[in-house]
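Visitor: I am new to reading protein structures. Could you walk me through a few features, step by step?

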Amino acid sequence: MIQRQKGCNDIYGREAKIWKYIDSVIDAVMEKYNYTYIRTPLIEATELFHRGIGESTDIVTKETYDFVDRGGRNITLRPEGTAGVVRSFIENKMYGDNLPVKVYYNGTMYRYERPQSGRDRELTQFGMEILGSDDPLCDAEIISLAVNIYKMLGLKEIKVNINSLGDNASRLKYREELVKYFKPHMDELCSDCKERLEKNPLRILDCKVDCDSDIIKNAPKTLNFLNEESRDRFEKVQEYLDVLEVKYEINPNIVRGLDYYNHTVFEIEAKVDGFGANNVLGGGGRYNGLCKELGGPDTPCIGFACGIGRLVTALELEKVSLPIVEDVDLFLLYVNEEEKNYAAYLSQELRLAGFIVDTEYNNRSLKAQFKQADRLNAKYIAVLNSEDINNNEIKIKNNKTKEEDIISLDAIIYYLDEKINTNIEEDYGECSHECCGNHDGCKCHNHEEEDL
RNA sequence: GCGCCGUUGGUGAAGUGGUUAACACGCUGGUUUGUGGCACCAGUAUGCAAGAGUUCGAUCCUCUUACGACGCCCCA
């Protein structure tokens with residue numbers, strides 16, 4: 001038996017419809033915010049992700065899928081979206097365009113790690129970046145944009161945590177102070193943190209073992225080490241967030257792992273029961289140093305990324321009802337070959353007329369065909385009958401009320417149009433999405449109606 | 001990379017070192033040769049993740065591998 005690769009998933013059926021729906025919401029929202037879609041390769045040169053420079057060396061231990069191709073090139077499957085976007089920005093000389101460049105991506109990423117709750121080896125992330133502006137409004141827009149996508153999808157319980165690392169000078173100073181603070185407390189830290197003290201002291205604040213200890217609670221906070229410029233900048237971000245009516249909390253323990261981050265960093269978490277250890281839906285921050293580090297012009301950038309898998313989990317746990325079409329409009333049943341031919345013909349006609357139509361393929365008993373119609377949630381069913389067909393008639397039954405009408409075959413499109421397209425309101429009830437009445441990007445059936 | 005627990009039909013699962021692997025759901029057919037969802041009857045794993053070992057004999061014991069769940073590391 002060939003099994004799928006560790007940490008990879010097949011997504012199909014209802015779940016696949018949820019994924020497609022999420023994609024459609026992302027596309028609609030990003031369009032309104034005027035971000036353009038960008039597709040970069042899944043494979044990149046290994047050194048794009050394993051740069052090994054900066055203040056920590058653990059960057060090279062990143063858990064990526066690396067291989068050497070037939071030409072001897074060192075290749076890495078992209079573990080995240082930002083580096084590829086920045087590489088593309090530089091390579092295509094987008095810095096010559098009108099800045100800032102606002103882009104979004106949505107695609108598969110690979111991480112060579114042990115799968116566990118909320119963490120797969122193959123994952124899908126969407127994200128957006130603003131390249132070429134250092135204005136605090138960009139920081140606020142990215143955060144509010146992320147929040148708005150979650151809201152549009154119907155997610156209610158989300159929490160925004162923000163922090164500022166300050167500029168490089170502030171950040172370095174903070175790092176020094178942190179090491180100075182923890183050194184005397186070495187013995188009280190867990191073994192992992194002792195190592196982190198050397199490699200990446202900022203991450204001690206994230207430690208799961210020691211997180212409740214007073215040593216960590218009383219550790220120096222990034223915000224106390226911001227120089228005046230950085231502090232002003234962070235205040236400006238908060239001001240814009242207030243203007244955009246984004247609720248947030250300042251959480252000094254949000255540091256993000258990578259050393260190219262500076263100034264604003266943030267995470268958005270789902271506050272849903274049952275999420276386990278990984279309840280962060282997405283996060284991001286400002287990375288003003290990355291573009292230059294990759295050999296491009298010194299360009300300030302900020303971005304956000306969100307794992308779609310976790311998003312789907314959150315939507316399910318919150319029992320958000322999504323406008324996903326799972327019903328067929330009409331199911332055609334038949335017994336003999338003449339009727340089967342007609343079923344084939346009629347289903348094509350009606351499909352091309354815009355209805356969702358299905359029929360029997362395996363010549364099963366009528367009983368089995370009725371069951372099939374129910375499994376497919378057929379709104380209407382029709383048992384084709386040679387005699388009826390010759391009389392230019394068809395019996396159509398409402399599969400819910402069991403009311404049956406005998407109508408002329410010529411009138412079937414008109415009949416279905418009236419029955420199906422006028423019953424949408426009552427079938428789907430009131431729309432519960434927050435977006436209703438406010439935005440026209442909503443894909444709810446109610447809104448589709450209005451659009452028509 | 002480390003730790004811990006798992007893997008039995010389409011699904012949920014019971015079970016045992018010894019020739020037919022329970023039960024339920026589902027599915028298919030029939031009772032009812034063309035208007036169902038109920039009821040009843042029948043069928044539905046040459047098979048217990050894969051491989052190796054112990055044994056007269058392994059789904060069951062041992063080992064290895066693969067995959068799954070959860071946690072650590074890492075976190076983009």
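**Strands, a sheet and a helix**

Guide: Gladly! This is a predicted model. Let us begin with a pair of strands: E12 (residues 330-333) and E13 run parallel and are joined by three bridges.

Visitor: Which residue is the bridge partner of Phe-331 in E13?

Guide: That partner is Asp-358.

Visitor: In what order do the strands of the open sheet lie?

Guide: Read across the five strands, the order is E13-E12-E14-E15-E16, and the pairing is mixed. E13 (357-359) and E16 (404-408) are at the edges with a single partner strand each, so one side of each has no neighbour in the sheet. On average, neighbouring strands here are turned by 25 degrees against each other, ignoring direction.

Visitor: Which helix packs on this sheet?

Guide: Look for H11 (residues 337-352), which touches E12 and E13. The direction of H11 makes about 165 degrees with that of E13.

Visitor: Now a helix by itself. How many residues does H5 have?

Guide: H5 (residues 168-182) has 15 residues. From first C-alpha to last, H5 reaches 21 Å, close to the 21 Å expected at 1.5 Å a residue.

Visitor: Which residues of H5 are buried?

Guide: Find Ser-170, Arg-171, Tyr-174, Leu-178 and Phe-182. Looking down the axis of H5, you will see these buried residues within an arc of 95 degrees, so they line one face of the helix.

Visitor: What covers the buried residues of H5?

Guide: The cover includes helix H6 (191-199), helix H8 (228-243) and strand E9 (262-270). On the face turned away from the buried side, H5 carries the exposed residues Glu-176 and Lys-180.

Conventions
Residues numbered from 1 in each chain as written. Chains lettered and ligands numbered in written order. Predicted model: local features only at pLDDT ≥ 70, side-chain atom pairs only at ≥ 80, totals over all residues. Helix = DSSP H or I, 4+ residues; strand = E, 2+ residues; numbered from the N terminus. Expected span 1.5 Å × (residues − 1). Buried ≥ 20, exposed ≤ 12 C-beta atoms within 10 Å, placed from the backbone. Arc of directions from axis to C-beta. Contact = placed C-beta atoms within 7 Å. Pairing = 2+ DSSP bridges. Axes fitted to C-alpha atoms, helices over the stretch in contact; angles between N-to-C directions.
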